[in-house]
Amino acid sequence: MGRVCIYGLAMKTVMDTPVRGWRDRVFLAAAFFFVSVFIIFVLTLIITDVFYVDGKAVTTVLASKFIRHALWMSIWTSCATTLIALLFAVPMGYSLSRFRFPGHILADAIVDLPIVFPPLVAGLTLLVFFSQTSPGRWIQEDLGIEFVFQPKGIVLCQFVAAASFAIRSAKTAFDDVDRRYENVALTLGCTQWGSFRRVCLPLARNGIIAGGILTWSRAFGLFGPLMIFVGSFRGRTEVLSTTIFLEQSVGNLEVALAIALLLIVVALIAVTGIRLVGGSVLVKR
Amino acid sequence: MICTEEISFRIGTFQLQRLSINIAKGEYFILLGPPGSGKTIFLECLCGLKKIDSGRIYIEGQQVTNLEPRARGIGYVPQDYALFPHLSVERNIAFGLRVRGYQHKDSQAKITETAELLDIQGFLSRRIHGLSGGEKQRVALARALVLQPKILLLEEPVCALDEVTRQEVCVQLLDIQRRLGLTTIHVSHNLEEAFTVADRAAILNEGILQQVGPLDELLSKPNSKFVVRFTRHEKNLVCRGNGQERPEPEQPGKGP
């Protein structure tokens, strides 16, 4: 029962052993000390924002058409990114987990590479690729799929920065599914695809959803590569994170922080919501 | 019924070497060997879960060497049963029927019939998580038997059970096998099980088949030192397992 998955979504790790003696108490106290320090720290940061923001800033944020647009952009781009990332993550995670092909160790390492990319480097690289290289220009000019300074570019940036989380989680989830389940399914009449769909995928679902949540969170708050690759045009390529930057750069600190609070609230609702829905559906084993 | 012709399979440094076995229709065959001797790999080759490097496999005279697992008509119960944890007992049993596109009514009738045979009607709606070892074993058997396979492969079917239940379950397995007339291969490292169930046995060591024949013959006319050692060692374990709280000191010269 001691398996904890990313985001605590996969399995309940309820402490149902009785606490006896001072050693158990010290152990529990130590564990909860770190939990509380972390949570208090994060809450303090948010409360600091709350105190800095005044009513005027809040009304400005709520009334602004552009900020509503940025919020909407943030939501749809991050959701689109998450869907595309999961579309890649499931087959990739399965392949990396199950098949041994030449260079699979390298492939596995490359999956993690975008996580260590500094955000600015990711944005710059995308910009150079699409504006300076012939394959990039071919995509933009001949195929007519424009990314630079376009809403589509937001999704691309988010995908580059966040897809690794989904792929990594999916791979770990598939690693945890015992091969024997699939073998039995094959003898019971499934094809490879059938055993994947009926057995492997349902058993890996928790981990895949956890990866989706991480991806969405990263995509929703992404800032660095966006500023370089798509800029922040009012009403066009502006998302909440870039709006915050623009507001604070012209000195509207209260408004910037009010938008930040909006971002935090939306993220909190989304992440908790998925956890509650996903958790209750999935943890009844 | 089942005939393997010099099948070989290599994985890492381990190799199954030119295994030839003939098993008659309706026979209860037990494959014995110490852990790591290749018993499981042999079963997986028979099922088609592993592709053999050379040799041929025949089932009822028909060559199945390159057939997919689902087309071989084999029921496979792996060690620890591998019941699908995301499905209920009933859905586990219904799994093969659903995959094969049975109508709900037909599959329901088959499930009821199999559940009665194995006496598991009482917990069809339960989840796998809370079942005991013996219950899991019966559910896994039901999941394989509901498809009416011609051949049943049991991988260490009773090794997860306690000593008392083990004997009981072996008798039940034999009973079911006789009633359905199933050709059965039972893989085990435990000679005691062989005494209870087997018509014939084979002993495997390091991927090489040591001896095949009726149990008496293996005990009375062992053809190699390994067979002597294996059967003697296992026999001692059997003696200890039979309720003697203090095993008698080993007496040299006693035994086969």
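B:Thr183 sits in strand β8 (residues 183-188) of chain B, where strands (E, at least two residues) and helices (H or I, at least four) are DSSP runs numbered from the N terminus. With a relative accessible area of 0%, B:Thr183 is buried; buried means under 20% relative accessible area, exposed means over 50%, and partly exposed is in between, with a 1.4 Å probe and protein chains only. A polar atom of the B:Thr183 side chain lies 3.0 Å from the backbone nitrogen of B:Gly26.

Leaving aside residues up to four places away in sequence, B:Thr183 touches B:Met1, B:Ile2, B:Ile23, B:Ala24, B:Lys25, B:Gly26, B:Glu27, B:Lys150, B:Ile151 and B:Leu152. Contact here means heavy atoms within 4.5 Å.

## About the model

This is a predicted model, in which local features need pLDDT of at least 70 and side-chain atom pairs count only at pLDDT 80 or more, while totals for chains, interfaces and linings use all residues. Residues are numbered from 1 along each chain as its sequence is written, chains are lettered from A and ligands numbered from 1 in the order in which they are written, and side-chain values use heavy atoms, with hydrogens and water left out.

Most residues other than glycine have a negative phi. B:Glu6 is not a glycine, yet has a positive phi of about 45 degrees. B:Glu6 belongs to strand β1 (residues 2-11) of chain B and, at 41% relative accessibility, counts as partly exposed.

B:Asp80, also not a glycine, has a positive phi of about 60 degrees. The setting of B:Asp80 is the loop between β6 and α2 of chain B, and its relative accessibility of 47% makes B:Asp80 partly exposed.

## The interface of chains A and B

The size of an interface is often given as the accessible area lost when the parts come together. Chain B and chain A bury about 2,000 Å² between them, 68% of it on carbon and sulfur atoms; this buried area is the accessible area (1.4 Å probe) lost on putting the two parts together, summed over both. On the chain B side, B:Arg70, B:His86 and B:Phe95 lose the most area to chain A, together 24% of what that side buries. In terms of contacts, 25 residues of chain B meet 17 residues of chain A.

What does the rule find across this interface in the way of salt bridges and polar contacts? There are zero salt bridges, taking these as a side-chain nitrogen of Lys or Arg within 4 Å of a carboxyl oxygen of Asp or Glu. Three residue pairs are in polar contact, both residues at pLDDT 80 or more. A polar contact is a pair of N or O atoms within 3.5 Å; within protein, one must be able to donate a hydrogen and the other to accept it, and residues adjacent in sequence count only if both atoms are side-chain atoms. The elements of chain B that give two or more residues to the side touching chain A are α1 (39-47), β6 (74-77), α2 (89-99) and α4 (133-145). The largest share, four residues, comes from α2(B).

## Aromatic pairs

Over all chains, the count comes to 16 aromatic pairs. Rings of Phe, Tyr and Trp (its six-membered ring) pair if their centres lie within 6.5 Å; planes under 30 degrees apart count as stacked, over 60 as edge-to-face and the rest as tilted. Why is the pair of A:Phe33 and A:Phe34 edge-to-face? The ring centres of A:Phe33 and A:Phe34 are 5.2 Å apart and the planes stand at 80 degrees, so the pair falls in that class. A:Phe33 is partly exposed at 49% relative accessibility, and A:Phe34 is exposed at 59%.

In chain B, the rings of B:Phe226 and B:Phe230 have centres 5.9 Å apart and planes at 20 degrees, so this pair is stacked. B:Phe226 and B:Phe230 are four residues apart in helix α8 (residues 225-241) of chain B, a separation of about one helical turn, and both are buried. Back in chain A, ring pairs link A:Tyr94, A:Phe99, A:Phe174, A:Trp193 and A:Phe196 into a cluster.

## Chain A as a whole

Chain A has twelve helices and zero strands. Its C-alpha trace spans about 60 × 60 × 30 Å along the principal axes, and buried residues make up 40% of its 285 residues. Among the chain A contacts with a separation of 6 or more, 72% come from residues 24 or more positions apart.
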